[in-house]
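Subject: Handing over the structure

Hello,

I am passing this structure on to you, and I hope you enjoy looking through it. Please open it alongside this message.

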Amino acid sequence: MWLLPVFSSVARNALRVFYRFSSAGGRVPREGPVLLVANHPNSLLDPGMVVAVARRPVRFMAKAPLFTDPLVGWLVRGAGAVPVYRKQDDPAAMGQNDDTFLAVWDALAGGDAVGIFPEGISHDAPALAPLKTGAARIALGAALRTGGAFPVVPVGLSFRHKGTFRSEALAVVGEPVAWDDLAHAGPEDREAVPELTRRIEAALRAVTLNLERWEDAPLVEMAEAVYAAELPVSPNPADRVARLRQATEGLARLRAEERAEWNAVAREVAAHGRLLKVLGLRPRELKAAPRTLGAAVWTARNLLFFALAAPVASLGVALYWVPYRLTGVLEAKGKHSPDVRATFKLLVGGALSIAWTLVLIGAAAALGGWIGALSAAVALPLIGVTTLHVVEHWRRAVADARYFLLRTRRRETLDALRQRQRALAERLHALWKEVRV
């Protein structure tokens, strides 16, 4: 428990370094008991995302083997996690789960926030795994101690490329599950437990993307991107997830009905995506129409930015190339499954970066005494953060410049492609409208 506030702060900051993280949706209550239920696609980084949106310390349910793991055991124990004994880990230890439930009920009765991943496993499947009944039993048991229902809040976790450093990550906080009518039933009620589990699953599905197969992901994402680029939509990330979910559900329904028009549109969406990839463009960039004056202002602003920041970023790349590269080499040799790849990179990469920073501070101390060490301790983190910002700004600038050059050389081609994209968006709109009816 002594590490719980520290863990919450470190988890939030580490997550924002590894990913370009954003959150959307509702708010988690800042006080009082709350049970946070989330999907589990990314191993030990998922608790960090839940903590980031909770904005308060959260105690998690964690599988028992993690408590004795030499790499993360100290962290799991210090963060106040509660062990869960699973049959696949040790069938003989299953009886200890009675104590687990008592500990979690006490925590909720004391006003704590508790996090749980009701799928029971971290996985790389394209959709939610069947939910275990543990979350429902925890809520129903705690309700007898709190005097009634308390917030059970779904948190949907989504990743663009979850194993990639500085990729996009999104946490969507959904509406609390309605379960006042079940709060009196107790954790052993044979009707209330499956019913509450069903409601929790429905709430999670409302904030997550559930594909029939991973091969559908590029098609669904491109269809949504075309739609959002050409038609008026909300820029809220939670609404984007909702559109992706609607597209996925529509695809499943049309596929089940063997609708020929969807096959035709799907082929056009895929072909449009391949062409944009060749051109190095995204649908919203194709939609844009840069002007000469705007390009001149953009050029002047970026030249000034890079003139000031590029030397610092170059220094940062040189200083931290060793731990960055070593992390990639170790991860590749480990051949980790997709759902633990990011966890390995963050833990090992973070440890290597901290150790390397200490080496650099030591070198500065040898050259300049305590003043050199103090200067390095202050400057190195700033250089690292600046480097990340400049590298990402550079990537955006290159994409913008590529489009402007394409626009000047192939205006007619891009205009025709843009008209095709608009027509495709309108066909998608009509098709999705028909599916929702």
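Below is what I found in it, beginning with the whole chain and moving on to single residues.

Please keep in mind that this is a predicted model. The protein has 13 helices and 7 strands. It is 437 residues in length, and 45% of them count as buried. Among contacts with a separation of 6 or more, 75% are between residues 24 or more positions apart. The accessible surface comes to about 22,700 Å², with 61% of it belonging to carbon and sulfur atoms.

F18 belongs to helix α1 (residues 4-18), while F165 sits in the loop between β6 (152-159) and β7 (168-173), which puts the two 147 residues apart. F18 is buried at 4% relative accessibility, whereas F165 is partly exposed at 30%. Ring pairs also join F18 and F165 with Y19, F159 and Y324 in a cluster.

Next come the charged side chains. A search of the whole structure finds 21 salt bridges. R20 pairs with E168, with 3.9 Å between the closest N and O atoms. This pair too links distant parts of the chain, since R20 is in strand β1 (residues 20-25) and E168 is in strand β7, 148 residues apart. Both are partly exposed, R20 at 37% relative accessibility and E168 at 30%. R20 and E168 also belong to a network of salt bridges with R160 and E221. R20 turns up again beside E392 of helix α12: E392 touches R20 and R166, leaving aside residues up to four places away in sequence. E392 is buried, with a relative accessible area of 13%.

Two other salt bridges are worth a look. E188 and R137 have their closest N and O atoms 3.4 Å apart. E188 is in the loop between β7 and α6 and R137 is in helix α5 (residues 134-146), so this bridge ties together parts 51 residues apart in sequence. E188 is exposed at 58%, while R137 is partly exposed at 24%. R198 and E195 form a bridge at 2.8 Å between the closest N and O atoms.

A polar atom of the N210 side chain lies 2.7 Å from the backbone nitrogen of L128, and a polar contact of 3.0 Å joins the side chains of N210 and T208. N210 is buried, with a relative accessible area of 16%.

Finally, here are two regions to set side by side. Helix α2 (residues 45-54) is mostly covered, with 10 of its 10 residues buried. Just after α2, R55 takes a positive phi of about 55 degrees. On the surface, W370, I371, L374, V378 and L382 form a nonpolar patch with about 580 Å² of accessible area together.

Note on methods
Residues are numbered from 1 along each chain as its sequence is written. This is a predicted model: local features need pLDDT of at least 70, side-chain atom pairs count only at pLDDT 80 or more; totals for chains, interfaces and linings use all residues. Side-chain values use heavy atoms; hydrogens and water are left out. Helices (H or I, at least four residues) and strands (E, at least two) are DSSP runs, numbered from the N terminus. Buried means under 20% relative accessible area, exposed over 50%, partly exposed in between (1.4 Å probe, protein chains only). Rings of Phe, Tyr and Trp (its six-membered ring) pair if their centres lie within 6.5 Å; planes under 30 degrees apart count as stacked, over 60 as edge-to-face and the rest as tilted. A polar contact is a pair of N or O atoms within 3.5 Å; within protein, one must be able to donate a hydrogen and the other to accept it, and residues adjacent in sequence count only if both atoms are side-chain atoms. Patches are made of residues with over 30% relative accessible area and no salt bridge: like charges are joined within 9 Å, nonpolar side chains (Val, Leu, Ile, Met, Phe, Trp, Tyr) within 5 Å. Accessible areas come from the Shrake-Rupley method with a 1.4 Å probe; for residues, only the protein chains shown count as cover. A salt bridge is a side-chain nitrogen of Lys or Arg within 4 Å of a carboxyl oxygen of Asp or Glu. Contact means heavy atoms within 4.5 Å.
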